[in-house]
Amino acid sequence: MMMKIKRCLILPLLIGLLAGCNDWLDIKSDNVLLQEEIFADYTGVRMAVNGVYRDLGVEDLYGKNLSWGFMSAIARNYQLTGLPTEMADGAAFKWKNSSVQGVTEKIWAKAYNVIANCNNIIEQVQTKDTSFFRFGEVEKNLVLGEMRGVRALLHFDLLRLFCPAPATLTDLKVLAIPYVTRYPEHQPERLNMEQVFTSIIEDMEYAKKTLAPLDTLQFEAWTKKRDHRFYNSVRTGSWDDDFLNFRGERMNYWGATALLARVYMWKGDLENAYKNASDIYRFHTNGWFKWTGAAFQGSLVAYPEITDTKRWEELLLGFYNSQNLTIFEDLISNNANRFRMNEMEKLFKEDTDDYRYQGFYNRYGDYRYSVWLRPKSQSTAYASYMEAAIKYQGPILPVVRFTEMYYIMIEYLIEKERIPEAKALFGTLRNQRGVKDPTLPDDPGLLMDKLVNDMIREGLTEGQTFFMYKRLVRNIFNGDRDIIMEKGDYTPEYPNNEVAYSM
């Protein structure tokens, strides 16, 4: 039975169970018979899991707000001119404005809605014998590992957005967000930050441990190559059941490990961050994830249509929205200035050979970034490549790539004053991005400044840059004059519906 995530048809009754609703934890589950019917065999479980991944890719979450939309706008990746009101207000940190609260409340509501779906699936699957599933224990463990990993990721992104950065606190006992692990849960209580971190790490460690033997051993034939990790016409040798394929588009061992590194980094635990990042680095250096070739990063300036816009060879985890390019284009069509990049010449300075500038910026004379643009053919010789890029890369929503592990390791090495090692690792990354100047400072502070600049370059329009500023308590890059961040600028208001509920 073919179960492609992006092409699955959710039954009308299942939509009633899994779709979003006004109350952030209100999933319509009062019909017990409906529940029993949906989860009567393994195909119902699969449709529910596919529904979770579908919802992760919607505009309220990684399909816009947590990637190229709201989060990239507040990081000042874009010029303010022409931005939708909610993004422009967010970029000015007007957290109390109704336009901004409309976005943050949608993020909150949809995230907890998907968390509720994860919890429902987890509780249902835990009660099933392995014989219930087509692939027995393998499939049961796969679902449990994925759903707990997704649950951890969503809680973590809510924590990063709605709570202060740990670096600004004297301890982690401050009240944070609810960590919801039961279905249904009508009265969740906010936990302190330490408790939330503990729960996030427990869930993600479970995902890492459970998915490791599947992704690195049992599924090795179709996880080692990009052609099998992401939906692609040339894949071969994978199982006859797509529910087990396309591991890059679902929570997987490498995604869970990399996200653990990100979580520990946010918490300020550099030792464990470095340990998990090093695990990914070892796979990378042993051929599991490869650098994108120069030609596919735009070094062939005359042929922008062959650029790998998502650099998908490097992605450890990405979600999916088949309408992603159209959604982006529709917003541009309303304002020709919208989503033009901000201060790129000053960000890259003399490094105009950097592929992230030369290959991805202003390729069509519109001052935009290629990650979210539909490739345009400049030559009939590459028209087929352009069509494939639109079909297979266009819908991908990057969540984490292995280059972030380089940054985590380099930051750790700078902190430990292992400067030669940090510079060697940093030099490798810069070289792979086409930077010809090998010069890096020996002073730890100056090297860290250089690293921050490079992290901004690497994360443009992918939604992570604001969180980097917040974690490091840094002012936001904005050309000659950075945006000076006050204490309250980093953290939006708690959603009105949550505040009203907690009162």
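**Entry 1: Thr-223**

I began with Thr-223, which lies in the loop between α8 and α9 (226-229). The model I am reading is predicted. I then listed what Thr-223 is in contact with, leaving aside its neighbours within four places in sequence: Asp-215, His-228, Arg-229, Arg-247, Trp-254 and Trp-288.

**Entry 2: helix α10**

I next checked the length of helix α10 (residues 253-267). At 1.5 Å a residue, its 15 residues should span 21 Å, and the end C-alpha atoms are 21 Å apart, so the two values agree. I noted that 14 of the 15 residues of α10 are buried, so that the helix is mostly covered. Just after α10, I found that Gly-268 takes a positive phi of about 100°.

**Entry 3: helix α11**

I repeated the length check on helix α11 (residues 270-285). Its 16 residues should span 22 Å at 1.5 Å a residue, and this agrees with the 22 Å between its end C-alpha atoms. I recorded buried residues in α11, among them Leu-270, Ala-273, Tyr-274, Ala-277, Ile-280 and Phe-283. An α-helix has 3.6 residues a turn, so residues three or four places apart point the same way. Which elements cover the buried residues of α11? I found that the cover includes α8 (193-218), α10, β3 (315-320) and α16. After α11 comes Gly-287, whose phi is positive, near 95°.

I turned to helix α16 (residues 403-415), which packs with α17 at an angle of about 160°, their axes being 8 Å apart. The two helices are therefore roughly antiparallel to each other, since angles over 145 degrees count as such. Their crossing is left-handed. I noted the residues that meet: on the α16 side they include Tyr-406, Ile-410 and Leu-413, and on the α17 side they include Ala-422, Leu-425 and Phe-426.

I then compared the other pair. How do the axes of helix α17 (residues 419-432) and helix α18 (residues 444-458) cross? They come within 12 Å and cross at roughly 25°. That makes α17 roughly parallel to α18, because the limit for this is under 35 degrees. I recorded that α17 passes α18 in a left-handed crossing. The contact is made by residues including Ile-419, Ala-422, Phe-426 and Leu-429 of α17 and Leu-447, Leu-451 and Asp-454 of α18.

Leu-191 has its place in strand β2 (residues 190-192) and is partly exposed, with a relative accessible area of 23%. I found Leu-191 and Lys-173 to be 18 residues apart in sequence and 8.8 Å apart in space, C-alpha to C-alpha. Beyond its neighbours within four places in sequence, the contacts of Leu-191 include Val-174, Ile-177, Tyr-179 and Val-196.

Ile-74 lies in helix α4 (residues 70-74) and is buried, with a relative accessible area of 0%. I noted that Ile-74 and Ala-92 are 18 residues apart in sequence and 7.4 Å apart in space, C-alpha to C-alpha. Not counting residues up to four places away in sequence, Ile-74 touches Gly-90, Ala-91, Phe-93, Trp-95, Phe-466 and Ile-476.

Definitions and conventions
Residues numbered from 1 in each chain as written. Predicted model: local features only at pLDDT ≥ 70, side-chain atom pairs only at ≥ 80, totals over all residues. Heavy atoms only, no water. Helix = DSSP H or I, 4+ residues; strand = E, 2+ residues; numbered from the N terminus. Expected span 1.5 Å × (residues − 1). Buried < 20%, exposed > 50% of the residue type's maximum accessible area, 1.4 Å probe, protein only. Axes fitted to C-alpha atoms, helices over the stretch in contact; angles between N-to-C directions. Parallel < 35°, antiparallel > 145°, perpendicular 65-115°, else oblique. Left-handed = near helix turned anticlockwise from the far one by under 90°. Contact = heavy atoms within 4.5 Å.
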